Amino acid sequence: MSDMKSKWFLEINPWGQIPTLQDCDYSLGESSAIVSYILQKKKHDTSFYPSDIKKRHRIQQVISAEMCSLRMACQKPYSTELVYPWFFKKPSASAADLQKMKEEFNKEMNGLKIYLEAYKGPYLTGKDYTLAD
(Lines give C-alpha, C1' and ligand atoms only; values in the text may rest on other atoms or scores of the structure.)
Protein backbone atom coordinates (compact mmCIF):
# COMPACT_ATOMS: atom_id res chain seq x y z
CA MET A 1 0.00 0.00 0.00
CA SER A 2 2.89 2.39 0.61
CA ASP A 3 3.84 2.10 -3.08
CA MET A 4 0.59 3.87 -3.96
CA LYS A 5 1.91 7.05 -2.33
CA SER A 6 5.38 6.77 -3.82
CA LYS A 7 6.59 9.36 -6.29
CA TRP A 8 6.48 7.04 -9.30
CA PHE A 9 2.90 5.96 -8.58
CA LEU A 10 1.65 9.48 -7.90
CA GLU A 11 3.01 10.44 -11.32
CA ILE A 12 0.63 7.96 -12.98
CA ASN A 13 -2.25 8.49 -10.54
CA PRO A 14 -2.15 11.75 -8.56
CA TRP A 15 -4.76 10.39 -6.14
CA GLY A 16 -2.51 7.47 -5.26
CA GLN A 17 -5.34 4.99 -5.55
CA ILE A 18 -6.11 1.70 -7.22
CA PRO A 19 -7.24 0.63 -9.68
CA THR A 20 -4.91 2.42 -12.05
CA LEU A 21 -4.33 1.58 -15.68
CA GLN A 22 -1.13 2.49 -17.47
CA ASP A 23 -1.15 2.16 -21.25
CA CYS A 24 2.22 3.25 -22.62
CA ASP A 25 2.45 6.96 -21.74
CA TYR A 26 -1.23 7.26 -20.75
CA SER A 27 -2.57 6.50 -17.28
CA LEU A 28 -6.06 6.46 -15.87
CA GLY A 29 -7.78 5.82 -12.54
CA GLU A 30 -11.31 4.86 -11.49
CA SER A 31 -12.71 1.48 -12.45
CA SER A 32 -15.60 2.64 -14.65
CA ALA A 33 -13.31 4.98 -16.60
CA ILE A 34 -10.76 2.18 -17.04
CA VAL A 35 -13.35 -0.31 -18.29
CA SER A 36 -14.83 2.29 -20.64
CA TYR A 37 -11.35 3.14 -21.97
CA ILE A 38 -10.49 -0.51 -22.65
CA LEU A 39 -13.82 -1.19 -24.35
CA GLN A 40 -13.49 1.88 -26.59
CA LYS A 41 -9.83 1.29 -27.37
CA LYS A 42 -10.59 -2.26 -28.44
CA LYS A 43 -13.60 -0.99 -30.39
CA HIS A 44 -15.84 -3.29 -28.39
CA ASP A 45 -19.33 -2.89 -29.84
CA THR A 46 -21.80 -5.22 -28.23
CA SER A 47 -24.82 -4.67 -26.04
CA PHE A 48 -22.44 -4.59 -23.05
CA TYR A 49 -21.11 -1.21 -24.24
CA PRO A 50 -22.68 -0.31 -27.60
CA SER A 51 -21.32 2.28 -30.02
CA ASP A 52 -24.79 3.85 -30.36
CA ILE A 53 -24.46 7.19 -28.58
CA LYS A 54 -27.93 7.11 -27.00
CA LYS A 55 -27.52 3.60 -25.64
CA ARG A 56 -24.00 4.35 -24.42
CA HIS A 57 -25.08 7.48 -22.58
CA ARG A 58 -28.01 5.68 -20.98
CA ILE A 59 -25.35 3.39 -19.51
CA GLN A 60 -23.30 6.42 -18.40
CA GLN A 61 -26.39 7.90 -16.75
CA VAL A 62 -26.82 4.84 -14.54
CA ILE A 63 -23.10 4.70 -13.74
CA SER A 64 -23.15 8.39 -12.76
CA ALA A 65 -26.14 7.84 -10.47
CA GLU A 66 -24.35 4.94 -8.84
CA MET A 67 -21.21 6.99 -8.27
CA CYS A 68 -23.09 9.98 -6.84
CA SER A 69 -25.70 8.29 -4.65
CA LEU A 70 -25.48 4.56 -4.18
CA ARG A 71 -21.74 4.40 -3.59
CA MET A 72 -21.97 6.85 -0.70
CA ALA A 73 -24.84 4.91 0.85
CA CYS A 74 -22.66 1.78 0.73
CA GLN A 75 -19.45 3.50 1.81
CA LYS A 76 -20.72 5.07 5.00
CA PRO A 77 -21.72 1.89 6.91
CA TYR A 78 -18.66 0.07 5.57
CA SER A 79 -16.36 2.79 6.87
CA THR A 80 -18.05 3.32 10.22
CA GLU A 81 -18.44 -0.36 11.03
CA LEU A 82 -15.33 -1.92 9.53
CA VAL A 83 -12.63 0.49 8.45
CA TYR A 84 -12.65 3.04 11.29
CA PRO A 85 -12.90 0.53 14.15
CA TRP A 86 -10.38 -1.87 12.63
CA PHE A 87 -7.71 0.50 11.36
CA PHE A 88 -8.20 3.59 13.50
CA LYS A 89 -9.65 2.03 16.66
CA LYS A 90 -12.63 4.38 16.52
CA PRO A 91 -15.96 3.26 17.99
CA SER A 92 -18.71 1.90 15.79
CA ALA A 93 -21.73 4.03 14.98
CA SER A 94 -24.66 4.11 17.36
CA ALA A 95 -27.69 1.92 16.71
CA ALA A 96 -29.66 5.01 15.69
CA ASP A 97 -26.97 6.10 13.22
CA LEU A 98 -26.77 2.59 11.79
CA GLN A 99 -30.53 2.58 11.31
CA LYS A 100 -30.29 5.90 9.41
CA MET A 101 -27.53 4.45 7.22
CA LYS A 102 -29.61 1.36 6.54
CA GLU A 103 -32.59 3.50 5.56
CA GLU A 104 -30.44 5.58 3.21
CA PHE A 105 -28.98 2.43 1.67
CA ASN A 106 -32.45 0.96 1.12
CA LYS A 107 -33.65 4.24 -0.40
CA GLU A 108 -30.77 4.26 -2.89
CA MET A 109 -31.21 0.57 -3.74
CA ASN A 110 -34.90 1.16 -4.34
CA GLY A 111 -33.89 4.02 -6.60
CA LEU A 112 -32.39 1.47 -8.97
CA LYS A 113 -35.89 0.09 -9.48
CA ILE A 114 -36.73 3.35 -11.24
CA TYR A 115 -34.33 2.39 -14.01
CA LEU A 116 -35.71 -1.13 -14.24
CA GLU A 117 -39.24 0.19 -14.57
CA ALA A 118 -38.43 3.13 -16.87
CA TYR A 119 -36.37 1.08 -19.32
CA LYS A 120 -38.59 -2.01 -19.07
CA GLY A 121 -35.92 -4.54 -18.57
CA PRO A 122 -34.53 -7.10 -16.32
CA TYR A 123 -31.37 -4.93 -16.45
CA LEU A 124 -30.75 -1.31 -15.49
CA THR A 125 -30.78 0.05 -19.05
CA GLY A 126 -33.29 -2.34 -20.60
CA LYS A 127 -33.24 -5.82 -22.03
CA ASP A 128 -29.46 -6.22 -22.30
CA TYR A 129 -26.81 -6.73 -19.64
CA THR A 130 -24.45 -3.73 -19.86
CA LEU A 131 -21.51 -2.06 -18.17
CA ALA A 132 -24.06 -0.31 -15.93
CA ASP A 133 -25.13 -3.60 -14.38
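**How the terms apply to this predicted model**

The chain carries 19 positive and 16 negative side chains, and the centres of the two sets lie 2 Å apart, where Lys and Arg count as positive and Asp and Glu as negative, with His and the chain ends not counted, and where a charge is placed at NZ of Lys, CZ of Arg, CG of Asp or CD of Glu. This is a predicted model, in which local features need pLDDT of at least 70 and side-chain atom pairs count only at pLDDT 80 or more, while totals for chains, interfaces and linings use all residues. Residues are numbered from 1 along each chain as its sequence is written, and side-chain values use heavy atoms, with hydrogens and water left out.

Reader: What makes up the chain, in terms of helices and strands?
Author: The chain has four helices and two strands, and from the N terminus on they run α-β-β-α-α-α; helices (H or I, at least four residues) and strands (E, at least two) are DSSP runs, numbered from the N terminus.

Reader: Why is the chain called more spread out than a compact globule?
Author: The radius of gyration, taken over C-alpha atoms, is set against a globule rule of 2.2 Å times the number of residues to the power 0.38. For 133 residues that rule gives 14 Å, and the chain has 18 Å, well over it, so the chain is more spread out than a compact globule. Along its principal axes, the C-alpha trace spans about 50 × 45 × 15 Å.

Reader: Why is Leu-70 called buried?
Author: Buried means under 20% relative accessible area, exposed over 50%, and partly exposed in between (1.4 Å probe, protein chains only). Leu-70 has 11% relative accessibility, and therefore counts as buried. Of the 133 residues of the chain, 26% count as buried.

Reader: Which residues is Leu-70 in contact with, leaving aside neighbours within four places in sequence?
Author: Contact means heavy atoms within 4.5 Å, and on that basis Leu-70, whose place is in helix H3, is in contact with Ala-65, Glu-108, Met-109 and Leu-112.

Reader: What makes up the largest nonpolar core?
Author: A nonpolar core is a set of buried Ala, Val, Leu, Ile, Met, Phe, Trp, Tyr and Cys residues joined through side-chain atoms within 4.5 Å. The largest one has 11 residues in all, among them Tyr-49, Leu-70, Leu-112 and Leu-131. Helix H3 (53-88) and helix H4 (95-118) are the elements that give two or more residues to this core, and the largest share, four residues, comes from H3.
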